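User: I'm new to this one. Can you walk me through a few of its contacts?

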Amino acid sequence: MSSSPSASLYVGELDPTVTEAMLFEIFNMIGPVASIRVCRDAVTRRSLGYAYVNYLNAADGERALEQLNYSLIKGRACRIMWSQRDPALRKTGQGNIFIKNLDEQIDNKALHDTFAAFGNVLSCKVATDEHGRSKGYGFVHYETAEAAETAIKAVNGMLLNDKKVYVGHHISKKERQSKIEEMKAQFTNVYVKNVDPEVTDDEFMELFGQFGNVTSAVVQRDDDGRSRGFGFVNYETHEEAQKAVETLHDSEHNGRKLFVTRAQKKAEREEELRKSYEQAKMEKMSKYQGVNLYIKNLEDDIDDERLRGEFEPFGAITSAKVMRDEKGTSKGFGFVCFSSPDEATKAVAEMNNKMIGSKPLYVSLAQRREVRRQQLESQIAQRNQIRMQQAAASGMGGYINGPMYYPPGPGFPPQGGRGMMGYGQPGMMPPRPRYPPNGQVPGMPMPGPYGQAPPTPYAGMPGYPRGAPRPGPPGGRAPPPAEGQAPNGAAPRPAGPPGAPAARPPAGAPPAAGRPQVNRPAQPRNGAPAGQAPPAVAAPGEAPTLTAAALASVTPMEAKQMLGEHIYMNIVASQPELAGKITGMLLEMDNAELIHLLENTDSMTFKVNEALAVLHEFQAKDESK
């Protein structure tokens, strides 16, 4: 008995911003969807550009393939095919053909429509660059080898959009690479540069003809017929070409030293140059690993000599430089390179947060931009993980970033056979509620500002309406009273903003009924010990001034939150939409630097503009993908 067809579809060529909810709205119009998963990077959680859509009914999958294939999703034509869980079909290459010299106007749909006449097409794709432009070649994968053979015979050498195309069997990259290596070892074409412009074609032929039978020799010339200083020579045999390279390379001709080597394609040369550049960069990195320091928060008047003088007590310095713009103005950061890692480590320990002028220095080991970006993405991923754990603890489960699951309605039993992509059929993920229209999940704590952990609740647990009853804790203990209520029928507490002190009765008024008057020693707010003045409270509408002493009296998390609130209030007037993101970026700095920003308007403006530039650059890159 044959198994029923899979109800799982692969959806590719997706915009990185496409989510499971967007795909559900599109694919659920065809028929009931069981689950959707957008595949994402494990660390950054960015979309990889493809997804799997699982239908409850294989017939709905067929209709979706027919009606939605190559339809636009956020401005991009999606590519839909049946999910192939068995990689053997892809790896064997059976039925897979290669087409080159395609007109740039031919896209995936046009290629599919052209080749669908010869058999059932499993997948079809035109290769594109990072800007979405066609590279002039593509692939078509047929269900059978016979259909592929028919397509090759019918289309190879034919005109598509007035361009003669080549169609042949697809050759794997490994096989192509082995053939290229073989061709390299048996080359007959020679490239010659640094040729004297006065050399004629006959002289050029005569120079290289002494090493064997030359089939062609040409000096490249411009439109006016002037020599461009290089040319090509092709021999009948590899031995003749090899002898010419060995004899004439680095030899002098007409007062010029010739460069003679095996002719290479442009892509091959670029690949070799890229590899040599990467190797040189890695060698440079390993040379300065652990000895090169990055210093920021420098005063404008600090130059290279003063920077060197501040760090010289810690060891021998090989270089010290303050980075400047094109006008010669300091950018506020620089680099100091020591001769040994021990000296650099000692300098970091002693100089980090040291006051030079009116600013505390930030000193750390210098890192490449890619490494810093990876660390930042890793921190973001860890924060997201913490949020998921907090959401799970509040009863939401662990499926915040997981695949969306939609329970089958009545009359739609699960399909048999291979099951659905990404999940085992017997242990299918339990259903979970859909998101409401505003995106907030019932019962889930509100995320904290600027990407931080959710704020500490002041009165009432997050997710419960004020005054609503809440389930009691384990063990049968009575639940705490809601805001506005008092235990045991006591007088309710007056309403007010979270954390605000309770309203006091006017002088001379009798105490509230049911609450005995007790004389207690005055207790300062904010947990300050007796005898110590509490932090000053700002008048409404004013941002209170923060000091290092005030921050030192609270926990590190509370200190960051206090700084974040003050910075946010400074930014929100000028950047209402991006204030949260900018604040989150600034909170990566040390507390001493953040206090300096709050005290210095110019420094705050500079840092905000710097953060805006980073956000706009990231947005521009995201839109160009």
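Predicted model: local features only at pLDDT ≥ 70, side-chain atom pairs only at ≥ 80, totals over all residues.

User: Which strand does the salt bridge of aspartate 201 and arginine 221 tie to helix H7?
Analyst: The side chains of aspartate 201 and arginine 221 meet in a salt bridge, at 3.3 Å from N to O. Aspartate 201 sits in H7 (residues 201–209), so the pair links parts 20 residues apart in sequence. The strand holding arginine 221 is S14 (residues 214–221).

User: Is glutamate 20 buried or exposed?
Analyst: Glutamate 20 pairs with arginine 40 in a salt bridge, with the closest N and O atoms 3.5 Å apart. Buried means under 20% relative accessible area. Glutamate 20 has 8%, so the word for it is buried.

User: In which helix do arginine 274 and glutamate 271 both lie?
Analyst: These two form a salt bridge, and their closest N and O atoms are 2.6 Å apart. They are three residues apart, about one turn of the helix. That helix, residues 266–288, is H9.

User: Are H14 and H16 roughly parallel or roughly antiparallel?
Analyst: Helix H14 (residues 556–571) and helix H16 (residues 591–599) pack with their axes 11 Å apart, at an angle of about 30 degrees. Angles under 35 degrees count as roughly parallel. So H14 and H16 are roughly parallel.

Terms used: Residues numbered from 1 in each chain as written. Heavy atoms only, no water. Axes fitted to C-alpha atoms, helices over the stretch in contact; angles between N-to-C directions. Helix = DSSP H or I, 4+ residues; strand = E, 2+ residues; numbered from the N terminus. Parallel < 35°, antiparallel > 145°, perpendicular 65-115°, else oblique. Salt bridge = Lys/Arg side-chain N within 4 Å of Asp/Glu carboxyl O. Buried < 20%, exposed > 50% of the residue type's maximum accessible area, 1.4 Å probe, protein only.
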